[in-house]
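Please open the model in your viewer and keep the selection panel at hand.

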Amino acid sequence: MLKSTLIRASEAGARIMQHYFQGEFKISNKEGINNLVTEADYASEKAIFEVIKNDYPDHFILSEEAGEIVTNSNYKWIIDPIDGTVNFAHGIPICCVSIALEQDGEMIMGVVYNPFINEFYFAQKGYGASLNDKKIRVSGETSVGSACLVTGFPYTYLDQPNGPLEVFSRLIRNGVPVRRLGSAAMDLCWVAAGRFDGFYEHKLQAWDSAAGFLIVEEAGGRVSDFTGKRYSPYQPHIVATNGKIHDELLNCVNGNV
Ligand code: IPD
Ligand code: CA
Ligand code: CA
């Protein structure tokens, strides 16, 4: 039942995205520059909530636009109704619904669904990760020097030492291809699918990463903070890789190269 609720909730959000995509919708700004939220984000969130609240009215919810719906349940749904809103608002089909389910502080299931390129990623703790029902695995790349990486930039906080721009510049100057897609959930899934060898970002929120984190781990990858400690979605830093380039990428991110 939990799995069915998760899938139906993601489908409900994805239907809303498809409904609004490339059409007319209201866009407003949040904190930072060009940190957009659209009518579609709110509508997707509402559709996802309807499914979850109907099936599990007592469960805790953490969602980007609505914030927290606090209960004393040991189940928590962590929702990004549209990850990649700037892409969505420009008609760029790199955006998705991301929903994770946490039980007693551990991620047990996650979905990332991009209906525009028909990619449905699912993972369940201990059962592997899949793309459209086919098992996926991380890549076998062993060196950052020949890796293909992806990152994202926060809407604020760019210029610190070892901050987003400095790390990006260091890698690019060394000839490492680093892409910037604009959706952290897609970035993580593309690491899980072996398209990228690694991903790092300096400032994510739980709803950006919770589902993708489980999907990467279940695809055989490693996800940590910048010290190498197993990732928690409740702190900002993330490095997610195929495992083999993890320590080397951590060194690059921390400036120890
Ligand atoms: C954003 C995307 C982007 C990341 C930002 C996030 P949103 O989420 O995941 O890739 O770089 O930090 O805020 O605002 O499109 O849901
Ligand atoms: Ca997001
Ligand atoms: Ca969002």
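Throughout this tour, a residue is called buried when its relative accessible area is under 20%, exposed when that area is over 50%, and partly exposed in between, with a 1.4 Å probe and only protein chains taken into account. What you have open is a predicted model, in which local features need pLDDT of at least 70 and side-chain atom pairs count only at pLDDT 80 or more, while totals for chains, interfaces and linings use all residues. Residues are numbered from 1 along each chain as its sequence is written, chains are lettered from A and ligands numbered from 1 in the order in which they are written, and side-chain values use heavy atoms, with hydrogens and water left out.

**The whole chain**

Begin with the C-alpha trace of the chain, which spans about 50 × 40 × 35 Å along its principal axes. Its radius of gyration is 17 Å, which agrees with the value near 18 Å that a compact globule of 257 residues would have; the radius is taken over C-alpha atoms, and the globule rule is 2.2 Å times the number of residues to the power 0.38. Switch to a cartoon, and the secondary structure comes to 7 helices and 15 strands, where helices (H or I, at least four residues) and strands (E, at least two) are DSSP runs numbered from the N terminus.

Of the 257 residues in the chain, 56% are buried. If you display contacts (heavy atoms within 4.5 Å) between residues at least 6 apart in sequence, 61% of them join residues at least 24 apart. A surface view shows an accessible area of about 11,000 Å², of which 49% belongs to carbon and sulfur atoms; this area comes from the Shrake-Rupley method with a 1.4 Å probe.

Donors here are N, O and S atoms within 2.8 Å of the metal (3.2 Å for Na, K and Ca), and sites may look incomplete because water is not among the atoms.

Around the calcium ion (ligand 2), the coordinating residues are Asp80 (OD), Asp83 (OD) and Asp208 (OD), at 2.0 to 2.2 Å, and their spacing along the chain is D-x2-D-x124-D. Distant parts of the chain are linked here, since Asp83 belongs to strand β5 (residues 75-83) and Asp208 to helix α6 (residues 206-218), 125 residues apart. Asp83 is buried at 5% relative accessibility, and Asp208 is buried as well, at 11%.

**An enclosed helix**

Next, select helix α5 (residues 184-192): 9 of its 9 residues are buried, so the helix is largely enclosed by the rest of the structure. Among them are Met186, Asp187, Cys189 and Trp190. Just after α5, look for Gly194, which takes a positive phi of about 80°.

From Ala184, go on to Gln205, which is 21 residues away in sequence and 9.9 Å away in space, C-alpha to C-alpha. Gln205 is found in the loop between β13 (198-201) and α6, and is partly exposed at 38% relative accessibility.

Move to Arg179 in strand β12 (residues 178-180), a partly exposed residue with a relative accessible area of 43%. Leaving aside residues up to four places away in sequence, Arg179 touches Leu149, Val150, Thr151 and Phe196. Arg179 and Phe199 are 20 residues apart in sequence, with 9.3 Å between their C-alpha atoms.

Where does Asp104 lie? Select the loop between β6 (96-103) and β7 (106-114), where Asp104 is found; this residue has a positive phi of about 50° although it is not a glycine, and is exposed at 56% relative accessibility.
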